[in-house]
Amino acid sequence: DELSAAAAVAPVAPPCVCGGRLGRVTYRERLVRCLWMRMPSTVLHDDHFEALVDRLLQRGEPCYFCDLCGESKAAGGVWTCENGNNTILHANAYDVCEKCFAFYCGGASVDA
């Protein structure tokens, strides 16, 4: 769709408020990172963990909220900081939805 295309063609990963870089990940990858932040002793990508991820994806509940507009979408992609929750400036990671990214970094219409 238009938003994904506008967001995906960013020439350079934009800076985050903490000085790190934002990178685009799929919603699934953001969910995995969110779960790992909450359960750091979890073995990533074992069968039980993958089953949990699949169940949560099927339920369609969002795991992040855009730090610019406050909305969330349990599909598509999200721009998130490479520093995750490892900084005092954003203790719960820093996420920007594709809609806001396209608007603020790509000049797309906010209604797209």
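F103 is partly exposed in this predicted model, because its relative accessibility of 34% falls between the limits of 20% and 50%. Y104 has a relative accessibility of 58% and therefore counts as exposed, the cut-off being over 50%.

**Aromatic pairs**

- In the whole structure, a search finds 3 aromatic pairs.
- One of them is formed by Y27 and Y64, with ring centres 6.3 Å apart. The planes of Y27 and Y64 stand at 45 degrees, so this pair is tilted.
- The pair of Y27 and Y64 links distant parts of the chain, 37 residues apart. Y27 belongs to helix α2 (residues 27–38), while Y64 sits in the loop between α3 (47–59) and β2 (77–81).
- Y27 is buried, because its relative accessible area of 3% is under 20%. Y64 is buried as well, with a relative accessible area of 3%.
- The rings of F103 and Y104 have their centres 4.8 Å apart. With their planes at 85 degrees, F103 and Y104 form an edge-to-face pair, because the angle is over 60 degrees.

**Sheet**

- An open sheet is formed by 3 strands in the order β1-β2-β3, with antiparallel pairing.
- β1 (22–26) and β3 are the edge strands, each pairing on one side only.
- On average, neighbouring strands of the sheet are turned by 30 degrees against each other, direction ignored.
- The antiparallel strands β1 and β2 are joined by 5 bridges. Here L22 stands opposite C81 in β2.

**Helices on the sheet**

- Helix α2 lies across β1, β2 and β3, and runs at about 105 degrees to β1.
- Helix α4 (residues 98–106) also packs on the sheet, where it touches β1, β2 and β3. The direction of α4 makes about 85 degrees with that of β3.

**D95**

- D95 is found in strand β3 (residues 95–97).
- The relative accessible area of D95 is 2%, which is under 20%, so D95 counts as buried.
- The side chain of D95 makes a polar contact with the side chain of R30, at 2.7 Å.
- Leaving aside residues up to four places away in sequence, D95 touches R30, Y64, F65, C66, D67, V78, W79 and T80. Among these contacts is Y64, a member of the tilted pair with Y27.

Note on methods: Residues are numbered from 1 along each chain as its sequence is written. This is a predicted model: local features need pLDDT of at least 70, side-chain atom pairs count only at pLDDT 80 or more; totals for chains, interfaces and linings use all residues. Side-chain values use heavy atoms; hydrogens and water are left out. Helices (H or I, at least four residues) and strands (E, at least two) are DSSP runs, numbered from the N terminus. Buried means under 20% relative accessible area, exposed over 50%, partly exposed in between (1.4 Å probe, protein chains only). A polar contact is a pair of N or O atoms within 3.5 Å; within protein, one must be able to donate a hydrogen and the other to accept it, and residues adjacent in sequence count only if both atoms are side-chain atoms. Contact means heavy atoms within 4.5 Å. Rings of Phe, Tyr and Trp (its six-membered ring) pair if their centres lie within 6.5 Å; planes under 30 degrees apart count as stacked, over 60 as edge-to-face and the rest as tilted. Two strands pair if DSSP finds at least two bridges between them. Axes are lines fitted to C-alpha atoms, for helices over the stretch in contact, and angles run from 0 to 180 degrees between N-to-C directions.
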